[in-house]
Amino acid sequence: MVENRPFATFVSHFVLILGVAIVAFPIWITFVAATHDGVRITQVPLPLLPGDQLFANLESAFFTGVGNAREQSVGMMLFNSLVMALMIAGGKIAISLLSAFAIVYFRFPFRMGFFWMIFITLMLPVEVRILPTFAVVANLGMLNSYWGLSIPLIASATATFMFRQVFLTVPDELLEAARIDGAGPLKFFRDILLPLSRTNIAALFVILFIYGWNQYLWPLLVTTDKSMYTVVMGIKQMLEAAEESPEWHLIMLTTLLAMLPPVLVVVVMQKMFVKGLTETEK
Amino acid sequence: MARVELNGVRKTYPNGFQAIHGIDVNIADGEFIVLVGPSGCGKSTLLRMVAGLETVTDGEISIGERVVNQLEPADRDIAMVFQNYALYPHMTVYNNMAYGLRNRGTPKDEIEKRVRKAADILELSEDQLARKPRQLSGGQRQRVAMGRAIVREPEVFLFDEPLSNLDAKLRVQMRLEIKRLQRSLGTTSIYVTHDQVEAMTMADRLVVMNGGRAEQIGTPMEVYERPATVFVAGFIGSPAMNFLEGRAEGGKVVVNGAAGLAAPADIPDGPVLVGLRPEHLAVVDGGAAMLELAAEAVEPLGADTLVHGRLGDGQLVTIRLSGTPTFGEGDRIALAAEAANLHFFDPETGRRI
């Protein structure tokens, strides 16, 4: 707007700043808590300015562990989370791409039936099917493994549906041109469909990575071995220290570390897919 | 280079719709054939059947003595230019042209050679080869689509309305270029269009299609001078041919109660449709008049003038005169045409008598 009304500007800025403060304050507290030692953090009033213990806290989080997750360093938990999130995001994207490819480009019996079957699984998230899924994973001997953590979460109706919509926008002539150019189905998929869905893959990756990273209930069920803990569930375990009060400064530090990778993914990938979106032309 | 033969080709869709009702065409080696007709006449379907993108329900398609009914498009040794070009948007122009060759396992230096040669013929610069299709103008994309066909060095080129996305001026230019290119390469070509000017100017032979049937196959001038059916007569030529209802009596045809027009001697008595092209009607002195027209609208086009009017019994007639006419709207004018330029059709069957 080109209007110049100081009062309106003031009010709108005030509201915006207030909003930012409401969102940012808890994160600030988390950060501040992570920089003090365990004693200072339990005293009232809560400190509002950062202390000097950040590196000491980092050291103990990474090398001695915290609370109930004592034998397990935060580094290992972050690594587990990363592997799980990457496997879920990658697996979901791969499976959805292939199933959408089959549904859009092949005429097989009960094609729409299969599509709706996939679609209906939207109504069956892990939480609903948790017992049977656990039984299957346990019987297959996949407890306490990356496979057990990620495979049950990989099937994705949303992503399949999204790729189906993307493929439907690809003009038929491209398929025909590729057929005349001697590209078989898989070649067409690899050389033409994949590059054309690049931006959608990036966007989905961001969403799915965060979805995988934030998984709590499922890792809690399938991991009993501390070496397989993920960071999100690990934080909860840290709170349940048996004989001591919770080490808030270390827990807050872990929380902070747990928030970093999703933020990084968003920041890095955002550039890519905004650039991709402006370039897209099918 | 190859001959293309279509024998009794039919296409019926699974829903029972019959798109092609048995078409026979023999296309000679190096010939430029244009399939022309209104939209929905099956011309694109027929082309896509030759390409292998549609299955053949019945009949036989052969390219260079080889029946190709069951072959994949890639194995038919054809190349196709699509209406919307169908360039791969994420590949550079170079890769767009090279893609088909790579899939065939053509050696790298051979690909390089052929793409350079095609780019040379089509006047695509080195800089343009490195660009993506979206960075090119419509005409340049059209060239790339042509280039992708040329590098394949196929037996047959198939064109599916390749110029319909271009503006009028560019269309005329590309029309000439495609024709010139086809001549110099000598590749058998099948070209689909709904534009009769394109059809007339480019074709060695035309196949005029209507409702899934070939109404007439012949050189453009044959089709223009001796249209086989009322449909062909009305479709080819602009402005469209005038059709007048008349009656044949003893070897003469009477239109609008006026003097008899000379007709072929063997014309059977009964109703007849007389076809007269606007450009074949001339203004004459009252004595030689065949028809008398009340001019209703005069449209000067510069070189020509179109005059729309009605006969005494209300039938509409359009004529095309060169230069500026001496009469205006509302005047009555006397018209005549040479006997050779009269076309007679059976109103029942629509066939030429």
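Let's start inside chain B, where B:Val283 has B:Leu335 of strand 19 as its bridge partner. Strands here are DSSP runs of E with at least two residues, helices are runs of H or I with at least four, and both are numbered from the N terminus. This is a predicted model, in which local features need pLDDT of at least 70 and side-chain atom pairs count only at pLDDT 80 or more, while totals for chains, interfaces and linings use all residues. Residues are numbered from 1 along each chain as its sequence is written, chains are lettered from A and ligands numbered from 1 in the order in which they are written, and side-chain values use heavy atoms, with hydrogens and water left out.

Strand 15 (residues 282–283) of chain B pairs with strand 19 over two bridges, in the antiparallel sense. To pair, two strands need at least two bridges found between them by DSSP. Strand 16 (residues 291–300) of chain B also runs antiparallel to strand 19, and four bridges join them. Look for B:Leu293, which stands opposite B:Ile333 in strand 19.

Is strand 19 of chain B mostly covered or uncovered? It's mostly covered: of the five residues in strand 19 (residues 332–336), four are buried. "Buried" means under 20% relative accessible area, "exposed" means over 50%, and "partly exposed" is in between, using a 1.4 Å probe and protein chains only.

## A five-strand open sheet

Chain B also has an open sheet of five strands, in the order 13-12-11-14-20, with antiparallel pairing. Strand 13 (261–262) and strand 20 (342–345) of chain B each have a single partner strand, so they stand at the edges, with one side of each left without a neighbour in the sheet. In general, strands of a sheet pair through backbone hydrogen bonds, either parallel or antiparallel.

For strand 20 of chain B, four bridges link it with strand 14 (residues 270–276) in the antiparallel sense. Within that strand, B:His343 is the bridge partner of B:Gly275. Side chains in a regular strand alternate between the two faces of the sheet. Both faces of strand 20 are covered: B:Leu342 and B:Phe344 are buried on one side, and B:His343 and B:Phe345 are buried on the other.

B:Glu65 has a positive phi near 70°, though it's not a glycine. You'll find B:Glu65 in the loop between strand 4 (58–63) and strand 5 (66–67) of chain B, and it counts as exposed because its relative accessibility is 65%. B:Asp77, another non-glycine, has a positive phi of about 60°. This one lies in the loop between strand 5 and strand 6 of chain B, and at 30% relative accessibility B:Asp77 counts as partly exposed.

Which way does the peptide bond from B:Ser238 to B:Pro239 go, cis or trans? That bond is cis, with omega near -5°. B:Pro239 sits in the loop between helix 9 (230–235) and strand 11 (242–249) of chain B.

## Around B:Arg131

B:Arg131 is in the loop between helix 4 (126–129) and helix 5 of chain B, and it counts as partly exposed because its relative accessibility is 28%. Leaving out residues up to four places away in sequence, B:Arg131 touches B:Met91, B:Thr92, B:Val93 and B:Leu136; contact here means heavy atoms within 4.5 Å. The side chains of B:Arg131 and B:Asp127 are joined by a polar contact of 2.7 Å. A polar contact is a pair of N or O atoms within 3.5 Å; within protein, one must be able to donate a hydrogen and the other to accept it, and residues adjacent in sequence count only if both atoms are side-chain atoms.

## Where the two chains meet

Now for the interface: 25 residues of chain B are in contact with 18 residues of chain A. Three salt bridges cross it by the rule, which asks for a side-chain nitrogen of Lys or Arg within 4 Å of a carboxyl oxygen of Asp or Glu. One salt bridge is between the side chains of B:Arg152 and A:Asp181, at 3.7 Å from N to O. On the side of chain B that touches chain A, strand 6 (78–81), helix 2 (93–103) and helix 5 (138–150) each supply at least two residues.
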